[in-house]
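Work through the exercises below with the sequence and the 3D structure at hand. Try each task before reading its solution.

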Amino acid sequence: MSLTHRDNTVPDSPLSRWDARWKLAAVVLALVAVVLLRTPWPAGAAAGFTVLLVVLGRVRWRVLVSRWLVLLSAVGPVLLVLPFSAENGTLLAVAVGLRAFAVGTLAIVLVHTAPLSRTFAAAHALYVPGVLVQVAQLAHRYSLLFFGEARRVRIAMRTRGFRSGTNGHTYRTLGSAAGTLLVRGGDQAERVADAMRCRGFDGKYHPMTPFRTTAWDVVGFGGVVTGFAGLVVWEWVM
């Protein structure tokens, strides 16, 4: 049994059983194809294709809706301005919105159909420099730790009667809190680095479950790449 099946946050699905190397390569090429799209119809087809992928991946709808709302909050202001600021602005806004939706949904597919550690190991297996993989993984991990620590500091400040305002006391207090977070983050990073070295970490990823390529992995890769490449060709011949 693989680590994917033992991770309760990853539903069992055809995409969770897909070799992470082939899946990562297919998603990256699909992202490139989506970025190349400029017109609404191919972009809409790409968005529909990504929805089919999340359905195959059995991603929980609560996760999908929350991620799509975050995406809408980031892209929404741009979509509201485009119709009034560019020629054929309405069509451009539709195309941009669909492309953003497709890109975000592909990211959801990549993140929620396999443990992140498995995906990072797959990236290293595809000859992505180990330093880049480590920086990405540590950035993901420490962003969660940083926000958790910031929440604890904020609660501690409020229990001590701190209320923010536009005065010198507020600025000094917030500066001290930010400094505390940086110092704690540095100490935590040093402890983690020491622990990794004590466990023999040499900068390489050694997954507990080795990667194995099957015929279905290749078929899935070919299907996804062919589908998105077809959308690019469709747009060129339109």
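The exercises go from the whole chain to single residues and pairs.

The model is predicted: local features need pLDDT of at least 70, side-chain atom pairs count only at pLDDT 80 or more, and totals for chains, interfaces and linings use all residues. Residues are numbered from 1 along each chain as its sequence is written, and side-chain values use heavy atoms, with hydrogens and water left out.

**Exercise 1. The chain as a whole**

Task: State how many helices and strands the protein chain has, and what part of its residues is buried.

Solution. Step 1: Count the elements, where helices (H or I, at least four residues) and strands (E, at least two) are DSSP runs numbered from the N terminus. The protein chain has nine helices and zero strands, and its pattern along the sequence is α-α-α-α-α-α-α-α-α.

Step 1: Apply the burial classes: buried is under 20% relative accessible area, exposed is over 50%, and partly exposed lies in between (1.4 Å probe, protein chains only). Of the 238 residues in the protein chain, 32% are buried.

Step 2: Look at the contacts, meaning heavy atoms within 4.5 Å. Among contacts in the protein chain with a separation of 6 or more, 80% are between residues 24 or more positions apart.

Step 3: Along the principal axes, the C-alpha atoms fill a box of roughly 65 × 55 × 30 Å.

**Exercise 2. Helix 2**

Task: Compare the span of helix 2 with the expected span, and find what covers its buried residues.

Solution. Step 1: The expected span is 1.5 Å times one less than the number of residues. Helix 2 has 17 residues and reaches 24 Å from its first C-alpha to its last, close to the 24 Å expected.

Step 1: List the buried residues of helix 2; among them are Ala-20, Lys-23, Leu-24, Val-27 and Val-34.

Step 2: Find the cover. It includes helix 3 (40-56), helix 5, helix 6 (116-125) and helix 9.

**Exercise 3. Aromatic pairs**

Task: Say how many aromatic pairs the structure holds, and classify the pair of Trp-22 and Phe-221.

Solution. Step 1: Rings of Phe, Tyr and Trp (its six-membered ring) pair if their centres lie within 6.5 Å; planes under 30 degrees apart are stacked, over 60 edge-to-face, and the rest tilted. The structure holds four aromatic pairs.

Step 1: The rings of Trp-22 and Phe-221 are 5.2 Å apart centre to centre, with 70° between the planes, and the pair is edge-to-face. Trp-22 lies in helix 2 (residues 20-36) and Phe-221 in helix 9, so the pair ties together parts that are 199 residues apart in sequence. Trp-22 is partly exposed, because its relative accessibility is 23%.

Step 2: Trp-61 and Trp-68 have ring centres 6.5 Å apart and planes at 65°, so this pair is edge-to-face. Ring pairs link Trp-61, Trp-68 and Phe-101 into a cluster. Trp-61 is exposed, because its relative accessibility is 53%.

**Exercise 4. A residue in helix 5**

Task: Is Thr-105 buried or exposed, and which residues does it contact, leaving aside neighbours within four places in sequence?

Solution. Step 1: Thr-105 is found in helix 5 (residues 89-112). Its relative accessibility is 0%, so Thr-105 counts as buried.

Step 1: With those neighbours set aside, Thr-105 is in contact with Thr-50, Val-51, Val-54 and Trp-68.

**Exercise 5. Salt bridges**

Task: Find how many salt bridges the structure has, and describe each.

Solution. Step 1: A salt bridge is a side-chain nitrogen of Lys or Arg within 4 Å of a carboxyl oxygen of Asp or Glu. The whole structure has three salt bridges.

Step 1: Arg-17 meets Asp-12 at 2.7 Å, N to O. Arg-17 is partly exposed at 48%, and Asp-12 is partly exposed at 42%.

Step 2: Asp-19 bridges to Arg-21, with the closest N and O atoms 3.0 Å apart. Asp-19 is buried, because its relative accessible area is 6%.

Step 3: Asp-194 meets Arg-197 at 2.6 Å, N to O. Both lie in helix 8 (residues 168-198), three residues apart, about one turn of the helix. An α-helix has 3.6 residues a turn, so residues three or four places apart point the same way. Asp-194 is partly exposed at 39%, whereas Arg-197 is exposed at 55%.
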